[in-house]
Amino acid sequence: MKGSHPLHRVAIVGVAATEMARQLDTTSAEISLRAALAALGDAGLTSADVDGVAARWPGPGGTVFQPGSADWAEVFGRPLRWVCDTYPQGVPGALDAAAAIAAGLCETAVVFGGQAGVMGGATVADYTRPDNEFIACWGSLTAAQFALVAQVYRHRFTPDPEKMAAIAAAIRNAGHANPAAVMTGRGPFTAADVLASPMVAEPFRLLDLCLATEGAAAIVLTTAELARDLPQPPVAILGGGSEWHRQQYVNPPRYDEVWGLGADAARRAFELAELSPQDVNVFELYDINTYEVVRQFEMLGLCGEGEGADYLADAGIGIDGRHPLNTDGGLLSYSHIGWGGPTLKIVEAARQLRGTAGPGQVPDTEIALVTGAGSGAQYHNVMILGRG
């Protein structure tokens, strides 16, 4: 492990993702448990080893007070020493679990989640249209919230449409080449394909936007000391941070408040890791839409505001580019599984660091950056992972 910070005494020792599809013939609880048990098996552990859980309870039964992580205690068949009900997914769930382990509140924690049996045809996913003031009642949805921000960016900087579309095409082509992706074999995609796809929420066309699919993902964390005796090479948590500007999807986002959101979290994460964004080998960024990808490179300081499309066109985002990006196909092409979506980013980053990421493997990966949420959601989180 890297240093003396408490987070550096915790490692990710198991990861798993179930099959991904537009619809699966099972339940959210079953598919989530399947991912958790697979991640434990990957770590060489069993449910008897788990004393910490960060996982939304999807029902049936259980509590009506969400997220309801404690409901999983009965499923695992033992009392839990720690549960996370603040934000039990992705980077925040992993950082909370790592902090709990470092503080001695638990020893082995599982962060997991997903969905199945909930996507019904061509309807809008319910989690993109929460029953909040000024949202569901007016027909707003997640894409429209992010579009409010992207429209201002487009007006101020007029990014080249083909270069923007090429970003979406590159990520989708990573999914085209990934046999586990929902969009496997559906490409190859070109910038022209993206620009020809239907408009959904201007400036977002259909191929600019992430999927809404089914499946589950899980990660297992434990102490660095215990990790040394487990079968998989440990993945070190080098740094992390979160930035919460406002509750998501309540008040509309304003460009000048949220375009740089996450810069402080990233700065703190890289300081803790004693690294810079230039040191990152693989970027597993939350690609809920094309503009959000550009925003994150600008937020990280790798290019100036308004320069992201040109910068990424020059740098390259394929596995042979300067900034390999969303190597499994990301949310655009691999899968977006609701509450489990952010955890997929950690699973792929860990596989990259292990050297087991399949056709999207970037050679000699030592440092991976994972992010979650973004400008339209009005919060952002960052985690830096490295070889243990």
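Me: Two strands pair if DSSP finds at least two bridges between them, and strands here are DSSP runs of E with at least two residues, just as helices are runs of H or I with at least four residues, both numbered from the N terminus. What makes strands E1 and E8 a pair?

Reply: Two bridges join E1 to strand E8 (residues 235-244), and because the definition asks for at least two, they count as paired. The two strands run antiparallel, and the bridge partner of Ile-12 in E8 is Val-235. This is a predicted model, in which local features need pLDDT of at least 70 and side-chain atom pairs count only at pLDDT 80 or more, while totals for chains, interfaces and linings use all residues. Residues are numbered from 1 along each chain as its sequence is written, and side-chain values use heavy atoms, with hydrogens and water left out.

Me: How do you know that E1 is also paired with E7?

Reply: Seven bridges join E1 to strand E7 (residues 215-223), and these two strands run antiparallel. Within E7, Val-220 is the bridge partner of Gly-14.

Me: Why is strand E1 called largely enclosed?

Reply: A residue is buried when its relative accessible area is under 20%, exposed when it is over 50%, and partly exposed in between, using a 1.4 Å probe and protein chains only. Seven of the eight residues of E1 (residues 10-17) are buried, so the rest of the structure largely encloses this strand. Across the protein chain, 57% of the 388 residues count as buried.

Me: Why are E3 and E9 called edge strands of the sheet?

Reply: Nine strands form an open sheet with mixed pairing, in the order E3-E2-E4-E7-E1-E8-E11-E10-E9. Strand E3 (82-83) and strand E9 (282-284) each have a single partner strand, so one side of each is left without a neighbour in the sheet. Elsewhere in the sheet, strand E2 (residues 52-54) and strand E4 (residues 108-115) run parallel and are joined by three bridges, with Val-111 of E4 as the bridge partner of Ala-54.

Me: What makes the protein chain as compact as a globular protein of its length?

Reply: The protein chain has 13 helices and 11 strands. Its radius of gyration is 19 Å, close to the 21 Å that the globule rule gives for 388 residues, so the chain is as compact as a globular protein of that length. The radius is taken over C-alpha atoms, and the rule is 2.2 Å times the number of residues to the power 0.38. Along its principal axes, the C-alpha trace spans about 55 × 45 × 40 Å.
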